[in-house]
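Subject: A structure to look at together

Hello,

I am passing a structure on to you, along with some notes on what turned up in it. Please have it open while you read.

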Amino acid sequence: MASPHGSEGTIRKRSVMIGGHKTSVSLEDEFWDSIKEIAEEREQRLTDLINFIAEGRGRANLSSAMRIFALNHYKQIRSSAGQ
C-alpha cells in the first residue's frame with residue numbers, strides 16, 4: 001500500500017564503513033537519497049558524511065541518526081529561507 005505522499009517508503013539494508021569497520025544501515029530510499037544529496041552539497045564523500053553522523057550520534061542507532069540528520073538539515077534550510 002502506497003503512502004499518501006506517493007511513496008512506499010521501502011526500507012533497504014545497505015553496507016557502510018564506519019571507522020574502518022563494515023556495518024549495515026536500514027533506511028528508506030528517500031532518506032538514503034537525501035544523505036547522498038547532502039554529501040554532494042557539502043562536497044564530501046558519502047562515507048565521510050556517514051562517519052561524521054556516526055561520531056555525533058551518541059548511543060543512537062545509526063539508521064535513526066541518519067534520518068534525524070537529514071531531517072534537521074532540511075529543517076535548517078527551510079528555517080534559513082524563511083528569514
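Some background first. This is a predicted model, in which local features need pLDDT of at least 70 and side-chain atom pairs count only at pLDDT 80 or more, while totals for chains, interfaces and linings use all residues. Residues are numbered from 1 along each chain as its sequence is written, and side-chain values use heavy atoms, with hydrogens and water left out.

The predictor's confidence in each residue is the pLDDT, which runs from 0 to 100. Its mean over the protein chain is 90, and 90% of the residues reach 70 or more. Confidence is highest in α1, at 97, and lowest in α3, at a mean of 94.

The overall picture

The protein chain has three helices and two strands, and from the N terminus on the order is β-β-α-α-α. Helices (H or I, at least four residues) and strands (E, at least two) are DSSP runs, numbered from the N terminus. Along the principal axes, the C-alpha atoms fill a box of roughly 40 × 40 × 25 Å. Of the 83 residues, 30% count as buried. Contact here means heavy atoms within 4.5 Å; among contacts with a separation of 6 or more, 40% come from residues 24 or more positions apart. The accessible surface is about 6,000 Å², and 49% of that belongs to carbon and sulfur atoms. Those areas come from the Shrake-Rupley method with a 1.4 Å probe; for residues, only the protein chains shown count as cover.

The two strands

β1 and β2 pair in the antiparallel sense over eight bridges; two strands pair if DSSP finds at least two bridges between them. You can follow the pairing from R12, which stands opposite L27 in β2, and from S15, whose bridge partner in β2 is S24. Two residues sit between the strands of this hairpin, where G19 takes a positive phi near 55 degrees.

Helix α1 and what follows

Helix α1 covers residues 29-41, and its end C-alpha atoms are 18 Å apart; this agrees with the 18 Å that its 13 residues should span at 1.5 Å a residue, the expected span being 1.5 Å times one less than the number of residues. Its buried residues are W32, S34, I35, I38 and A39. Seen down the axis of α1, they fall within an arc of 160 degrees, so they line one face of the helix; the arc is that of the directions from the helix axis to the C-beta atoms. An α-helix has 3.6 residues a turn, so residues three or four places apart point the same way. The buried residues of α1 pack against β1 (11-18), β2 (21-28), α2 (46-55) and α3 (62-81).

After α1 comes E43, in the loop between α1 and α2. E43 is exposed, with a relative accessible area of 76%.

Helices α2 and α3

In α2, the buried residues are L49, I50, N51, I53 and A54, and what covers them includes β1, α1 and α3. T47 also lies in α2; at 32% relative accessibility, T47 counts as partly exposed. From T47 to R57 is ten residues in sequence and 15 Å in space, C-alpha to C-alpha.

Back to H73, which lies in helix α3. Leaving aside its neighbours within four places in sequence, H73 is in contact with I38 and E41. H73 and I35 are 38 residues apart in sequence and 9.6 Å apart in space, C-alpha to C-alpha.

Happy browsing, and do write back with your questions.

Best wishes

Note on methods: Buried means under 20% relative accessible area, exposed over 50%, partly exposed in between (1.4 Å probe, protein chains only).
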